[in-house]
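The chain is shown first.

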Amino acid sequence: MTTRGVLYVHSAPRALCPHVEWAVEGVLGVRVQLDWIRQPAVPGTWRSEFSWQARPGTASKLASALRGWDLLRFEVTAEPSPAAEGERYSSTPELGIFHAVTGMHGDILIPEDRLRAALARSVRGETDLEAEIATLLGKPWDDELESFRHAGEGAPVRWLHQVV
């Protein structure tokens, strides 16, 4: 059973680019050479994207392999499959990593316990319910990454396949 997904490296300093490739190689188990292009949203950084096909759970492994590099902005998506829900990971230096489960149409699916916790915090006056829901939907990450996504429109996408 396999799923498909896309890794979007929105911005990385040039010195970090080979390390990103090595991390992706370690997860996919195949040689990876990404096509890097300049990222106009932050001069001096580079961007790349490629599609992959591998076992369910690969998106989380890719996100784990890339997290923690302070100057890296990325997203990893995985399509739902008969064996697993879809996933989306977003990461920025300022916000850290965001994870969401996605349905077959790309909608974020929020588990009921997380909704109940957000409502409880709101009722206790600890937070605003609208802000809680925005965070559950990944809005702060979307807001921060939007200019990087727009700057990458028209960039080439390459498919990489992992032998299963």
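## Ends of H4

At the start of H4, the backbone nitrogen of Glu 130 has a side-chain oxygen of Asp 128 within 3.3 Å. Polar contacts are pairs of N or O atoms within 3.5 Å; within protein, one atom must be able to donate a hydrogen and the other to accept it, and residues adjacent in sequence count only if both atoms are side-chain atoms. Just after H4, Gly 138 has a positive phi of about 80 degrees. Helices (H or I, at least four residues) and strands (E, at least two) are DSSP runs, numbered from the N terminus.

## Basis of the model

The model is predicted: local features need pLDDT of at least 70 and side-chain atom pairs count only at pLDDT 80 or more, while totals for chains, interfaces and linings use all residues. Residues are numbered from 1 along each chain as its sequence is written, and side-chain values use heavy atoms, with hydrogens and water left out.

Buried residues in H4 are Glu 132, Ala 134 and Leu 136, where buried means under 20% relative accessible area, exposed over 50% and partly exposed in between (1.4 Å probe, protein chains only). The cover over these buried residues includes strand E6 (96-102), strand E7 (108-109), H3 and helix H5 (139-151).

Helix H3 (residues 112-123) packs on helix H4 (residues 129-136) at an angle of about 155 degrees, and their axes are 9 Å apart. H3 is therefore roughly antiparallel to H4; angles under 35 degrees count as roughly parallel, over 145 as roughly antiparallel, 65 to 115 as roughly perpendicular and the rest as oblique. Axes are lines fitted to C-alpha atoms, for helices over the stretch in contact, and angles run from 0 to 180 degrees between N-to-C directions.

From H3, the residues Arg 114, Leu 115, Ala 118, Leu 119, Arg 121 and Ser 122 meet Leu 129, Glu 132 and Leu 136 of H4. Contact means heavy atoms within 4.5 Å. By class, this contact of H3 with H4 has five nonpolar, one polar and three charged residues. Ala, Val, Leu, Ile, Met, Phe, Trp, Tyr, Cys and Pro count as nonpolar, Asp, Glu, Lys and Arg as charged, and the others, Gly among them, as polar.

## H1 against H2

Helix H1 (residues 17-28) and helix H2 (residues 58-66) cross at roughly 145 degrees, and their axes come within 9 Å. This crossing of H1 and H2 is right-handed. Val 20, Ala 23, Val 24, Val 27 and Leu 28 of H1 meet Thr 58, Lys 61, Leu 62, Ala 65 and Leu 66 of H2. The contact of H1 with H2 comprises eight nonpolar residues, one polar and one charged.

## Two residues of strand E1

Thr 3 lies in strand E1 (residues 3-13) and counts as buried because its relative accessibility is 6%. Its side chain reaches the backbone oxygen of Glu 79 at 2.5 Å. Beyond four places in sequence, the contacts of Thr 3 include Trp 52, Arg 55, Ala 78 and Pro 80.

Ser 11 is also in strand E1 and is buried, with a relative accessible area of 0%. The side chains of Ser 11 and Arg 73 are joined by a polar contact of 3.0 Å. Among the residues that Ser 11 touches, beyond four places in sequence, are Gln 39, Trp 46, Leu 72 and Phe 148. The C-alpha atoms of Ser 11 and Val 42 are separated by 7.5 Å, with the two residues 31 apart along the chain.

## An exposed loop residue

Pro 43 is in the loop between strand E2 (37-39) and strand E3 (45-54). With a relative accessible area of 74%, Pro 43 is exposed. Pro 43 and Val 32 are 11 residues apart along the chain, and their C-alpha atoms are separated by 25 Å.

Methods
A crossing is left-handed if the near helix is turned anticlockwise from the far one by less than a right angle, and right-handed if clockwise.
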